[in-house]
Amino acid sequence: MKTQLIYVIALLAALSACTPQAQVVTLRGSNVQPAADGFVLDTDTLTLRYSFSSERGQMVVSLVNKLDRPLYVDWKRSSFIIGEDKMDYWTDVADVNLATSSYTSRYWRYTVGSVAGTISKDDAVSFIPPRTRLEKRRFVVVPNGALRLTGTPTVRNERANWNPERKKPIDVAVYTYEPSESPLRFRNYLTLSTDKDFRTEFHLDTSFWAAGVEVMPKLQVLGPMVQQFNGTYSAQLPFKKNDGFYIPMPTQQ
């Protein structure tokens with residue numbers, strides 16, 4: 001067992017040093033089920049969907065009101081919670097976007113200028129009409145860095161997606177976790193009501209955890225990079241994973 005562990009650690013170090021790596025995270029949730037487009041909680045009142053399929057896991061929350069009367073979401077009392085840290089959906093601040101313009105004449109010794117702009121502020125409470133959908137994008141699950149993985153992985157061989165002519169398979173390190181041991185745990189807490197005064201309020205508290213993490217070359221996740229007209233590079237095919245996301249790992253010097 002000790003010899004196997006040393007081999008796996010050496011293998012992962014060699015892979016990281018040679019090519020850019022990525023962690024592909026598989027999530028599970030406490031009161032939601034994996035579906036074709038994410039995770040779903042379906043009740044007589046609403047359909048709640050979560051999607052994370054992106055780089056670093058941008059969380060997309062979708063609420064469908066199935067009632068014949070409005071549904072309300074109180075964002076002041078809703079939070080994204082990672083570990084024991086709470087991040088609020090709504091804060092009492094406004095976004096200000098300003099644009100300046102000026103006019104100068106060669107006959108004048110000064111410039112006439114003007115400043116115009118807009119002030120916008122998110123609603124503290126969202127109103128969802130009957131049989132309509134509301135979508136919210138606010139938080140990224142792993143905004144920087146990579147997950148610190150514990151335990152001994154198994155190694156799986158795969159064909160290289162980015163090079164069909166390559167005969168040698170690539171090695172994928174596979175970690176599996178129980179909820180209490182997972183390196184990533186977070187919650188999303190929503191406060192809702194069927195009346196605007198929140199006399200009938202109820203809460204949806206969903207816990208998520210990384211049930212599995214696969215470490216592999218980044219090209220295996222994204223495929224060959226294609227140069228665009230503006231000189232930048234992007235993946236040939238968009239990343240898709242109904243129950244997770246990927247994290248690009250920092251390159252080791």
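**Figure 1. Overview of the chain, a predicted model.** Among the contacts in the chain between residues at least 6 apart in sequence, 67% join residues at least 24 apart, where contact means that heavy atoms lie within 4.5 Å. This is a predicted model, in which local features need a pLDDT of at least 70 and side-chain atom pairs count only at pLDDT 80 or more, while totals for chains, interfaces and linings use all residues. Residues are numbered from 1 along each chain as its sequence is written, and side-chain values use heavy atoms, with hydrogens and water left out. The chain has 2 helices and 19 strands, the helices (H or I, at least four residues) and the strands (E, at least two) being DSSP runs numbered from the N terminus. Of the 253 residues in the chain, 36% are buried; buried means under 20% relative accessible area, exposed means over 50%, and partly exposed lies in between, with a 1.4 Å probe and protein chains only. The accessible surface of the chain comes to about 15,600 Å², of which 51% belongs to carbon and sulfur atoms, as computed by the Shrake-Rupley method with a 1.4 Å probe, and for residues only the protein chains shown count as cover.

**Figure 2. The open sheet that contains strand S5.** Strand S2 (33-35) and S12 are the edge strands, each of which pairs on one side only. On average, neighbouring strands of this sheet are turned by 25° against each other, direction ignored, where the axes are lines fitted to C-alpha atoms (for helices over the stretch in contact) and angles run from 0 to 180 degrees between N-to-C directions.

**Figure 3. Strand S5 and its two partners, S4 and S12.** Because 6 of the 8 residues of strand S5 (residues 58-65) are buried, this strand is largely enclosed by the rest of the structure. With strand S4 (residues 46-51), S5 pairs in the antiparallel sense over 6 bridges, and leucine 46 has asparagine 65 in S5 as its bridge partner. The hairpin of S4 and S5 has 6 residues between the strands, and in this hairpin arginine 56 takes a positive phi near 70°. S5 is also joined by 6 bridges to strand S12 (residues 133-140), and these two strands run antiparallel; here valine 60 has arginine 137 in S12 as its bridge partner.

Figure 4. Arginine 138 and methionine 59 are 79 residues apart in sequence, yet their C-alpha atoms are 6.9 Å apart in space. When neighbours within four places in sequence are left aside, arginine 138 is in contact with Met59, Asp88, Tyr89 and Trp90.

**Figure 5. Strand S14 between S13 and S16.** Strand S14 (residues 170-176) is mostly covered, since 5 of its 7 residues are buried. Strand S13 (residues 154-158) and S14 pair in the antiparallel sense over 5 bridges, and in this pairing threonine 154 has valine 174 in S14 as its bridge partner. The C-alpha atoms of threonine 154 and alanine 173, which are 19 residues apart along the chain, are separated by 5.8 Å. Not counting residues up to four places away in sequence, threonine 154 touches Val172, Ala173 and Val174. S14 is also joined by 4 bridges to strand S16 (residues 202-217), with the two running antiparallel, and threonine 176 stands opposite glycine 212 in S16.

**Figure 6. Aromatic rings in the structure, which holds 14 aromatic pairs.** The rings of tyrosine 50 and phenylalanine 52 have their centres 6.4 Å apart and their planes at 10°, so this pair is stacked, and both residues are buried. The rings of tyrosine 175 and tyrosine 177 have their centres 6.4 Å apart and their planes at 5°, so this pair is stacked, and both tyrosine 175 and tyrosine 177 are buried. Rings of Phe, Tyr and Trp (its six-membered ring) pair if their centres lie within 6.5 Å, and planes under 30 degrees apart count as stacked, over 60 as edge-to-face and the rest as tilted. One aromatic cluster is formed by Phe39, Tyr50, Phe52, Trp75, Phe80, Tyr89, Phe139, Phe186 and Phe208.

Methods:
Pairing = 2+ DSSP bridges.
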